[in-house]
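I opened this notebook to record what I looked up in the structure shown below. The entries follow the order in which I worked.

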There are 2 protein chains.
Amino acid sequence: MSDGLTVPFALAAGLSGAVAASHIVVTAGLAEVAAGSIAMGLGGYLAARSDAEHYASELAREEREIIDVPEAEAAEVRELLESYGVMSHDAATVVDAMRQRPDAWRDFMMRFELGLEQPDPKRALRSALTIAASYVVGGLVPLVPYMAVATVGQALRISIGLTLAALFLFGFVKGHFTGAGPFRSAVQTVVIGGLAAAAAFAIARAIS
Amino acid sequence: MSDGLTVPFALAAGLSGAVAASHIVVTAGLAEVAAGSIAMGLGGYLAARSDAEHYASELAREEREIIDVPEAEAAEVRELLESYGVMSHDAATVVDAMRQRPDAWRDFMMRFELGLEQPDPKRALRSALTIAASYVVGGLVPLVPYMAVATVGQALRISIGLTLAALFLFGFVKGHFTGAGPFRSAVQTVVIGGLAAAAAFAIARAIS
């Protein structure tokens, strides 16, 4: 959502420095929102799916290794435990216990050796839709003033106010839920949006 | 880089359906590249920094808990090991070993209970610069034809060919390094770029 607020806002602000007609700004803005939401949504879908595939292939590899080279795998668990201060003899006892339960042993290796957790299979689709929808919702905020007001300069001023308020609100809510501190998070998202927009504005004005 | 190739390409293609002059496409495209690279670079920087802060605060919490409620923490380790088939008595021996080394115990909890690994402190800045530079490099590819050719229609055709070739090459190289299969990865990035651009093109043409 913050990318959706930031990039179309900055694009619209940048174009406002170069073109006189609001409808070109709206056209470019909506084209960006369509392209951005699809590219990021599909990108998120593929990233989540490739995480799931990576997990499945590592799981299969650990299962094979436990059958094919059990001594090597047992040594890995022993070394791992010894690195945390467990005595050699005690580590061997733990390894013996895991040998009785290959599934638990495999899960132990996945979590501890590889640091992998089983991904939720529904995550890929949900993640894609959430990203795309958030980008569209965020992206429409800075464009609404250009749809309502024909004069680019005036639309830009309303768009700046509206978008900074939305960035502040979004950062505040995000900071509240992630525990990062609402005000700090709000200021961060406002600064990112402002910098991106200022750079886009300067570049568009310089080349127009 | 694939976002950089996709979004400015789709924006330029979308605008090509709505405006006649290449320079407006170039202005909008460069404004998007500036806004996108800054928004994504800073976003990547903040994400990496907030990972590092999250790790540091969890580390401090585990250290406090090991001092304040050692019995509760010891019980967590025991339960964890028992869930992997280790006998109660053996798990208690492992816990005793860790009590001798609070630092190792804390690291064990970080890795095993929370699944967290210590982030590289230099990662935030490197990540930000890599993202921003890749977005700029990717974003210039689809825009070069509009800078070189004054006729939008002709520039669009060259841009389509150049960008699809770049997406294919990027997907191929990426697939080679991630082990996902170069051809499959190449086709995926081409499809994402194509879909995003087609949607942007359709929307821009519909409203212009």
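Entry 1. Is Gly17(B) buried or exposed? I looked up its relative accessible area in this predicted model and found 13%, so Gly17(B) is buried. Gly17(B) sits in the loop that joins helix H1 (2–16) to helix H2 (22–68) of chain B. I also took a C-alpha to C-alpha distance: Gly17(B) and Val33(B) are 16 residues apart in sequence and 20 Å apart in space.

Entry 2. I noted the conventions. Residues are numbered from 1 along each chain as its sequence is written, and chains are lettered from A and ligands numbered from 1 in the order in which they are written.

Entry 3. I then turned to chain A as a whole. I found 8 helices and 0 strands in chain A, where helices (H or I, at least four residues) and strands (E, at least two) are DSSP runs numbered from the N terminus. The radius of gyration of chain A is 26 Å, whereas a compact globule of 208 residues would have one near 17 Å. That radius is taken over C-alpha atoms, and the globule rule is 2.2 Å times the number of residues to the power 0.38. The C-alpha trace of chain A spans about 80 × 30 × 30 Å along its principal axes. Of the 208 residues in chain A, 44% are buried.

Entry 4. I looked up charge in chain A. There are 15 positive and 21 negative side chains, and the centres of the two sets lie 13 Å apart. Lys and Arg count as positive and Asp and Glu as negative, with His and the chain ends not counted; each charge is placed at NZ of Lys, CZ of Arg, CG of Asp or CD of Glu.

Entry 5. How much area do chain B and chain A bury between them? I recorded about 4,600 Å², 75% of it on carbon and sulfur atoms. Buried area here is the accessible area (1.4 Å probe) that two parts lose on being put together, summed over both. Tyr84(B), Arg111(B) and Ile192(B) supply 14% of the area that chain B buries against chain A, more than any other three residues. In terms of contact (heavy atoms within 4.5 Å), 57 residues of chain B meet 58 residues of chain A.

Entry 6. I examined Ala199(A), which is in helix H8 (residues 182–207) of chain A. Its relative accessible area is 21%, and therefore Ala199(A) is partly exposed. Beyond neighbours within four places in sequence, Ala199(A) is in contact with Ala34(B) and Ile38(B).

Entry 7. Which residues does Thr163(B) contact, leaving aside its neighbours within four places in sequence? I found Leu5(B), Phe9(B), Val141(B) and Pro142(B). Thr163(B) lies in helix H7 (residues 152–178) of chain B and, at a relative accessible area of 0%, is buried.

Entry 8. Last, I checked two loop residues of chain A. Lys122(A), between helix H5 (102–113) and helix H6 (123–148), counts as exposed at 63% relative accessibility. Thr151(A), in the loop between H6 and helix H7 (152–178), counts as partly exposed at 48%.

Notes. This is a predicted model: local features need pLDDT of at least 70, side-chain atom pairs count only at pLDDT 80 or more; totals for chains, interfaces and linings use all residues. Side-chain values use heavy atoms; hydrogens and water are left out. Buried means under 20% relative accessible area, exposed over 50%, partly exposed in between (1.4 Å probe, protein chains only).
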